[in-house]
Amino acid sequence: MIEIPESTVISRQAENILIGKRISNVLQATSPHKFAWYNGDPLLYKDLLVGREIELVRGHGSFVDIILDEDVKISIGDGTNLKYYPAFEKYPVKHQLLIVFDDNSFLAFTVAMYGAIFAYKGELDNFYHRNSLESISPLAEEFDRVYFGNIFKSVKKDMSIKALLATEQRIPGLGNGVLQDILFKAGIHPKRKISTLSDLQRDDLFHCLKVTLQSMTEKGGRNTEKDFYGNWGRYKTLLSKNTYKDPCPNCGGEIKKEAYLGGSVYYCIDCQKDK
């Protein structure tokens, strides 16, 4: 799933390759997906996109935007995979959209569980996209202790730390995936109430959030996700679907997997107390 590290990495990789390429063809889905969301009728994407030249690629939150001339844009959201193929490679058998460039290289858009592929002119009428563009990324210097503290002040004190950080898009692109390592490094249980955190613990959480996301980004994303070329990220997750059956990397104790707030959380029963 696209979260802050992946949107940043993919957009940087895509910009290096795509700037100046012109779209020559748009192929519709070979594998229709009931949870692939489009902006309007995808059958009209060809009329909108063919002939347009890519000018910029930007990543923000859980979105990657491909910006073309004539104020045309393509945005993908969390759950959509974007992979680049050099010229003359075979088209993938299954895709939800495929864009061919005038040099015969192409982009394949695929959706696993759910995902958005929006093509549009002007601005996208989508709250999550707009909120992501207007928010400050934790990777930016402007995301400081004061900014972080104001997020705490904006909610009720009996809220859990996962609810605060990974729901309602208070920090766009910080989702359930990256949250696991952040909380593990801070020694905080995902269900812990924010009112029980001391000022020192909040400072430590702020530090872990910034440093962990920066490390994930610098290493090309997490090893549970793929980049623009289809390669797995080089950041080895401490707590994820890949590792939860292993002993705790800190104390050697048990890692517990539990369903909570619409996703699985992983935590060490000894290192991350719910107190």
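Helices (H or I, at least four residues) and strands (E, at least two) are DSSP runs, numbered here from the N terminus. The model is predicted, so that local features need pLDDT of at least 70 and side-chain atom pairs count only at pLDDT 80 or more, while totals for chains, interfaces and linings use all residues. Residues are numbered from 1 along each chain as its sequence is written, and side-chain values use heavy atoms, with hydrogens and water left out.

**Exercise 1. Describe Thr-8 and Ser-11, which lie in helix H1.**

Step 1: Helix H1 comprises residues 4-18 and contains Thr-8; Ser-11 is found in helix H1 too.
Step 2: Thr-8 has 11% relative accessibility and so counts as buried, and Ser-11, with a relative accessible area of 7%, is also buried.
Step 3: Not counting residues up to four places away in sequence, Thr-8 touches Leu-139 and Thr-217, while Ser-11 touches Val-57, Arg-58, Gly-59 and Val-64.
Step 4: Ser-11 and His-95, 84 residues apart in sequence, are separated by 20 Å between their C-alpha atoms.

**Exercise 2. Examine the backbone and the accessibility of Gln-169 and Leu-261, given that each has a positive phi.**

Step 1: Most residues other than glycine have a negative phi.
Step 2: Gln-169 is not a glycine, yet its phi is positive at about 55°; this residue sits in the loop between helix H5 (161-166) and helix H6 (176-186), and at 23% relative accessibility it counts as partly exposed.
Step 3: Leu-261, likewise not a glycine, has a positive phi of about 55°, lies in the loop between E10 and strand E11 (263-268), and counts as partly exposed at 44% relative accessibility.

**Exercise 3. Summarise the protein as a whole, then its division into domain 1 and domain 2.**

Step 1: The protein contains 7 helices and 11 strands, and 49% of its 275 residues count as buried.
Step 2: The C-alpha trace spans about 60 × 35 × 30 Å along its principal axes.
Step 3: Among contacts with a separation of 6 or more, 63% are between residues 24 or more positions apart.
Step 4: The division gives domain 1 (4-134) and domain 2 (145-268), with bounds that come from an automatic or database domain assignment.
Step 5: The centres of domain 1 and domain 2, taken over C-alpha atoms, are separated by 28 Å, and the contact takes 20 residues from domain 1 and 18 residues from domain 2.

Methods:
Buried < 20%, exposed > 50% of the residue type's maximum accessible area, 1.4 Å probe, protein only. Contact = heavy atoms within 4.5 Å.
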